[in-house]
Amino acid sequence: MCTTCGCETDSHHHHHEHGHGHSHSHGHTHDDERESRKIAVETDILSRNNRFAADNRALFAKKGVFVLNLVSSPGSGKTTTLERTLGDLSGRYRCAVIEGDQQTDNDAQRIAATGVPARQINTGAGCHLDAHMVGHAAEEFDLDALDLLLVENVGNLVCPASFDLGEHHKVVVLSVTEGEDKPLKYPNMFHAADVMLLNKIDLLPYVDFDVEKCLEMARRVSPGITIFQVSSRTGEGMDAWYAWLADRIAAVKG
């Protein structure tokens, strides 16, 4: 479980096996104490993170770098989408990638193979990237020489929704090999995201997935969400995604 955001299961369990009985006379329960500690820890962590995120955001604005935070469950195709995007846009924009995983640098190696600079963050037991991690990783790039910074978050549809990295937008990637009800099951993530990439549409003939139902559920959670239906394998639908990127990069560059 996550060791940094406070979502780990509370281990405060005890059993009284004494041969005598006794009662607690205090006017509050252990559950109340645990809840107050949980709220205090979560509030402190998010406040600290938000301060770092504000610093990141100010730095990215100063340097004119457009920053996206890609989030999804594991296996949705985030890395393949990045590879395709970088391969198609590398001649137009100066890009870099921050890769987040609990272990290994496999995805960073895949990105580096495209010729784009990549930095790996391994979170260990942590289930998300935070703004402090991203700020340190960004220091390793020449931000004056970048147009687009893409952050691939740890595969998880829960905790990354709560952590601002200083990005311009969260982009949630949902694969048609997952259930179309993911937006309702994980509403915080889909509400936090400004963009949804419905990926692997080349597999629609082979899977039981209701596209219209998925889109309706996503818009129910986040009415203003922008949705692109894409295949990062075949390239289908990617041009619309690239056009959106081009508009946003131009706006940041002024």
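A search of the whole structure, a predicted model, finds 13 salt bridges. One of them joins Glu152 to Lys78, with the closest N and O atoms 4.0 Å apart. Glu152 belongs to strand β4 and Lys78 to helix α2, so this pair ties together parts of the chain that are 74 residues apart in sequence. Both partners, Glu152 and Lys78, are buried. A second pair, Glu167 and Lys170, has its closest N and O atoms 2.9 Å apart, and here too both residues are buried.

In general, side chains of opposite charge can pair when their charged atoms come close.

Helix α2, which holds Lys78, covers residues 78-89. The buried residues of α2 are Lys78, Thr79, Thr80, Thr81, Leu82, Thr85, Leu86 and Leu89.

Attention can now turn to the next helix in the numbering. Helix α3 consists of residues 106-112, and Asn106 is found in it. With a relative accessible area of 45%, Asn106 is partly exposed. Asn106 and Gln120 are separated by 14 residues in sequence, and their C-alpha atoms lie 9.1 Å apart in space.

The strands come next. Seven of them form an open sheet, with parallel pairing, in the order β3-β2-β4-β1-β5-β6-β7. At the edges stand β3 (118-122) and β7 (226-229); each has a single partner strand, so one side of each is left without a neighbour in the sheet. On average, neighbouring strands of this sheet are turned by 20° against each other, direction ignored. As a general point, strands of a sheet pair through backbone hydrogen bonds, either parallel or antiparallel.

Within this sheet, strand β1 (residues 66-71) and strand β4 (residues 148-152) run parallel and are joined by five bridges. Asn69 stands opposite Val151 of β4. Strand β4 is also where Glu152, the partner of Lys78, is located.

Some totals complete the picture. The chain contains eight helices and seven strands. Of its 254 residues, 46% count as buried. Among contacts in the chain with a separation of 6 or more, 72% are accounted for by residues 24 or more positions apart. The accessible surface of the chain comes to about 12,800 Å², and 49% of this belongs to carbon and sulfur atoms.

How values were computed. Residues numbered from 1 in each chain as written. Predicted model: local features only at pLDDT ≥ 70, side-chain atom pairs only at ≥ 80, totals over all residues. Heavy atoms only, no water. Pairing = 2+ DSSP bridges. Helix = DSSP H or I, 4+ residues; strand = E, 2+ residues; numbered from the N terminus. Axes fitted to C-alpha atoms, helices over the stretch in contact; angles between N-to-C directions. Expected span 1.5 Å × (residues − 1). Buried < 20%, exposed > 50% of the residue type's maximum accessible area, 1.4 Å probe, protein only. Salt bridge = Lys/Arg side-chain N within 4 Å of Asp/Glu carboxyl O. Contact = heavy atoms within 4.5 Å. Areas by Shrake-Rupley, 256 points an atom, 1.4 Å probe, with all protein chains shown as cover.
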